[in-house]
Amino acid sequence: MIRDYAVLYRKFIVKYAKAKLEYKIPLALDIIANIVNSLSFVSVVYFLMNHFSTLDDWQLNEVMLMFGFGLLSWGLAGMLFWAPVMQIEQLIITGQFDHFLLKPLHPLLHLMYRHFQHTFIGQTLVGIGLLCYSLLQFPSWLTPSFILNGLYLLFNSVLVQSAILIALSSLNFFVKKPLVFSMMVVVDLQVISRYPISIYHQGLQFFLSFVIPYIFVSYYPIVILTRGVASEPISAVTYIIGPLLIVLACLLFNYGVKRYDGAGS
């Protein structure tokens with residue numbers, strides 16, 4: 001079944017790519033604009049670190065590694081699930097969501113398949129570049145166990161980001177026009193989470209740990225990879241929270257679909 005879904009998704013991507021490649025200049029400009037936007041955030045980190053030398057005992061290359069980790073996972077998750085966050089509100093208001101219920105494919109998968117977000121290629125490329133740059137500064141880290149552990153934690157981070165996006169999409173079934181709140185979460189909080197969480201007020205740390213768990217996107221994975229976590233429960237949670245959250249987010253979306261009864265619901 002997973003293989004069938006993958007083949008179907010590839011077909012959707014090919015169709016999407018063919019359509020976008022008909023207009024190569026706008027496509028390139030979209031990606032370049034997102035690269036420039038991401039690099040602007042990176043430049044802020046660079047100048048900040050050059051001014052203060054360390055950020056709560058974190059060196060420049062470590063902060064860049066954390067920033068790149070978060071940016072890469074955000075780019076990968078955004079390519080898949082940004083469309084549901086942005087479009088499902090209007091689909092529900094107009095009743096067009098009914099069309100997704102008539103298809104044999106699950107509505108969430110259909111939304112994901114139909115709208116591949118090419119703009120997130122920019123964030124993905126910058127994230128990869130930052131990771132490569134940061135890791136080259138610490139060649140002693142590049143052991144097989146470090147690489148395998150890092151790849152799993154990256155996958156886990158993508159799941160956390162994806163689960164948050166799915167949960168935000170699901171809000172549309174329960175409250176009217178939650179897009180403003182959703183944008184605050186995905187734009188402001190996920191940018192904040194790319195920095196060491198320990199520099200923030202305890203109230204914000206609590207919010208990013210237990211309300212919207214962005215702390216598990218880049219902070220704890222990088223701490224585990226580079227410094228080790230003193231608390232075994234936190235380390236264990238970091239490894240399992242991605243699959244757990246994605247299951248809960250999908251259950252919430254399914255519950256929302258059951259509540260949906262047409263335009264105006």
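Mentor: On a 1 Å grid over the protein atoms alone, a pocket is an open set of points where a 1.4 Å probe fits, with protein on both sides within 12 Å along at least five of seven lines. The model here is predicted: local features need pLDDT of at least 70 and side-chain atom pairs pLDDT 80 or more, while totals for chains, interfaces and linings use all residues. Residues are numbered from 1 along each chain as its sequence is written, and side-chain values use heavy atoms, without hydrogens and water.

Trainee: What volume does the largest pocket have?

Mentor: Volume is the space filled by probe spheres set on the points, which are joined across faces, edges and corners. For the largest pocket this is about 540 Å³. Its lining (residues with an atom within 4 Å of a point) counts 29 residues, and those closest to the centre are Ser209, Phe210, Val211, Ile212 and Pro213.

Trainee: Which helix gives the most to that lining?

Mentor: A helix is a DSSP run of H or I, at least four residues, numbered from the N terminus. Helix 11 gives the most, with seven residues. At least two residues each come from helix 7 (144-170), helix 8 (179-192), helix 9 (202-211), helix 10 (219-226) and helix 11 (232-259). By class, the lining has 25 nonpolar, four polar and no charged residues. Here Asp, Glu, Lys and Arg are charged, Ala, Val, Leu, Ile, Met, Phe, Trp, Tyr, Cys and Pro nonpolar, and the others, Gly among them, polar.

Trainee: At what angle do helix 2 and helix 3 pack?

Mentor: Axes are lines fitted to C-alpha atoms over the stretch in contact, and angles run from 0 to 180 degrees between N-to-C directions. Helix 2 and helix 3 (residues 60-94) pack at about 160 degrees, their axes 10 Å apart. They are therefore roughly antiparallel, the word for angles over 145. In contact (heavy atoms within 4.5 Å), Ser38, Phe41, Val42, Val45, Tyr46 and Met49 of helix 2 meet Leu60, Val63, Met64, Phe67 and Leu71 of helix 3. That contact has ten nonpolar, one polar and no charged residues.

Trainee: How does helix 2 lie against helix 6?

Mentor: The axes of helix 2 (residues 24-52) and helix 6 (residues 121-136) come within 7 Å and cross at roughly 45 degrees. Ile31, Asn34, Ile35, Ser38, Leu39 and Val42 in helix 2 meet residues of helix 6 including Ile121, Gly122 and Leu130. The contact divides into eight nonpolar, four polar and no charged residues.

How values were computed: Parallel < 35°, antiparallel > 145°, perpendicular 65-115°, else oblique.
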